[in-house]
Amino acid sequence: MKLKRRAPNPQSETIIALIDVVFFLLVFFMLIGRMDATAPFDVIPPQAQTGRDMPAGGLTLAISEAGALALDATPITEAALSSALAQHLSKDPDLRLRINAHKQAALRHVLPWVAKAEALGVMDIILVVTPERQNEPLLDGPPSSRPIAGEPAQ
């Protein structure tokens with residue numbers, strides 16, 4: 001008696017190549033993505049006439065137009081901010097503090113925190129600004145007055 005051997009099942013496609021692509025994309029976006037904490041409210045820094053690239057590391061204090069505060073993307077009260085800064089300073093005496101204030105925020109909301117941080121012992125305070133771009137219109141004003149990409153500014 002001759003038994004017939006079953007035809008082998010076709011091999012299902014392996015997903016190894018797909019996993020490689022997914023990991024490649026993951027690494028790619030991790031490297032190019034912004035690794036900075038963002039504020040829980042809208043913060044548009046003022047435009048700078050001069051400046052350098054912002055160094056990495058440290059804490060980011062975000063100040064909204066109305067004066068609301070966030071420390072590393074976590075909303076915080078004025079009372080809790082001083083103690084949080086002191087706590088971070090006890091762990092890292094060379095702490096860097098970036099102050100990212102909205103461009104319309106009044107100086108009365110920003111300057112006291114610079115003074116308080118200095119009084120606590122923060123020696124490296126950076127005010128975050130937007131670098132000036134050549135041949136690019138300022139985006140102040142209502143959206144209807146802003147030029148659309150590709151259209152000449154009037």
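Student: Which residues does Leu-97 touch, not counting residues up to four places away in sequence?

Tutor: A contact is a pair of heavy atoms within 4.5 Å; leaving out neighbours up to four places away in sequence, Leu-97 touches Leu-59, Leu-61, Leu-85, Ala-117, Val-122, Asp-124, Ile-125 and Ile-126. Please keep in mind that this is a predicted model, in which local features need pLDDT of at least 70 and side-chain atom pairs count only at pLDDT 80 or more, while totals for chains, interfaces and linings use all residues. Residues are numbered from 1 along each chain as its sequence is written, and side-chain values use heavy atoms, with hydrogens and water left out.

Student: What pattern does the chain follow when read along the sequence?

Tutor: Helices (DSSP runs of H or I, at least four residues) and strands (runs of E, at least two) are numbered from the N terminus; here the order is α-β-β-β-β-α-β-α-β-β, giving three helices and seven strands. Of the contacts in the chain with a separation of 6 or more, 71% join residues 24 or more positions apart.

Student: Is Arg-98 buried or exposed, and with which side chain does the side chain of Arg-98 make a polar contact?

Tutor: Arg-98, in strand 5 (residues 96-101), counts as buried because its relative accessible area is 4%. A polar contact is a pair of N or O atoms within 3.5 Å, one able to donate a hydrogen and the other to accept it, and residues adjacent in sequence count only if both atoms are side-chain atoms; the partner of the Arg-98 side chain is the side chain of Thr-60, at 2.7 Å. The C-alpha atoms of Arg-98 and Leu-59 are separated by 6.1 Å, although these residues are 39 apart along the chain.

Student: Where does Asn-100 lie, and what does Asn-100 touch?

Tutor: Asn-100 also lies in strand 5 and is buried, since its relative accessible area is 15%. Beyond residues up to four places away in sequence, Asn-100 touches Val-43, Pro-45, Thr-60, Leu-61, Ala-62, Ile-63 and Val-128.

Terms used. Buried < 20%, exposed > 50% of the residue type's maximum accessible area, 1.4 Å probe, protein only.
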